[in-house]
Amino acid sequence: TQEHYHPPQVAKLAGNELEPVLIIREHLETLAIKEAIPRMIPRQLAALKELLHELEMALQNNDMPRFGILNKRFHLAIYEACPYRLLIQTITDLWDKTDRYRSRTMFTLVPHLAEQSQADHRRLLELIEKGAAEEAAKLTDEHKTRGRRLFLAALSSEQNSPYPVD
């Protein structure tokens, strides 16, 4: 028998599978930031500052799809300093699973979420520069929880589907 190569595909999530994936990712991202901050080097900090500037430009231009893409890059750039490759890969895989819902629509669906997120990003960078890992982890958790709840509520009302949002 001849086997055919099939390129890897990101599995599509059903609506009710989205929330658990986002919750798991929140916890993993909180862990990743705690591990990353003490190990961050100047080059990584400079890359974060550049991404923060690009996020500001996307926000000023009201380019929400671009803001979504840069948001993902910003968070993943923080975790690059984390020494646990499996943790980073798991976060990336989970983020890829939710991407078809989030990066293109999250900041478009939820009014003013981008502004609030960007305020969090600015504060997060300050905490990273100070080496305040615990405070940054707490902010990351709040940031991710707020985004998840607002996004799922907006997605639910848009699709008019029953969606448990606490």
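Guide: Contact here means heavy atoms within 4.5 Å. Keep that cut-off in mind for the packing below. One caution: this is a predicted model.

The part to look at is helix 2, residues 42-60. Helix 2 has 19 residues. From its first C-alpha to its last it reaches 27 Å, close to the 27 Å expected at 1.5 Å a residue.

Now its buried residues. They are Gln 44, Leu 45, Leu 48, Leu 51, Leu 52, Leu 55, Glu 56, Ala 58 and Leu 59. Around the axis they cover an arc of only 160°, which puts them on the same side of helix 2. These buried residues pack against two partners: helix 3 (64-79) and helix 6 (113-130). Turn to the face pointing away from the buried side. Pro 42, Arg 43 and Gln 60 are the exposed residues there. After helix 2 comes Asn 62. Its phi is positive, near 55°.

Next, the charged links. The whole structure has 14 salt bridges. Lys 49 sits in helix 2 and Glu 129 in helix 6, so the pair ties together parts that are 80 residues apart in sequence. Lys 49 is partly exposed, at a relative accessible area of 42%. Glu 129 is partly exposed too, at 41%.

Helix 3, the other packing partner of helix 2, has a link of its own. Lys 72 forms a salt bridge with Asp 96, and their closest N and O atoms are 2.6 Å apart. Lys 72 belongs to helix 3 and Asp 96 to helix 4 (residues 85-99), so this pair joins parts 24 residues apart in sequence. Lys 72 counts as buried, at 14% relative accessibility. Asp 96 counts as partly exposed, at 29%.

Glu 142 counts as partly exposed, at 36% relative accessibility. Lys 138 is exposed, at 53%.

Last, a network of salt bridges links Glu 19, Glu 26 and Arg 148.

Conventions: Residues are numbered from 1 along each chain as its sequence is written. This is a predicted model: local features need pLDDT of at least 70, side-chain atom pairs count only at pLDDT 80 or more; totals for chains, interfaces and linings use all residues. Side-chain values use heavy atoms; hydrogens and water are left out. Helices (H or I, at least four residues) and strands (E, at least two) are DSSP runs, numbered from the N terminus. The expected span of a helix is 1.5 Å times one less than its number of residues. Buried means under 20% relative accessible area, exposed over 50%, partly exposed in between (1.4 Å probe, protein chains only). The arc is that of the directions from the helix axis to the C-beta atoms. A salt bridge is a side-chain nitrogen of Lys or Arg within 4 Å of a carboxyl oxygen of Asp or Glu.
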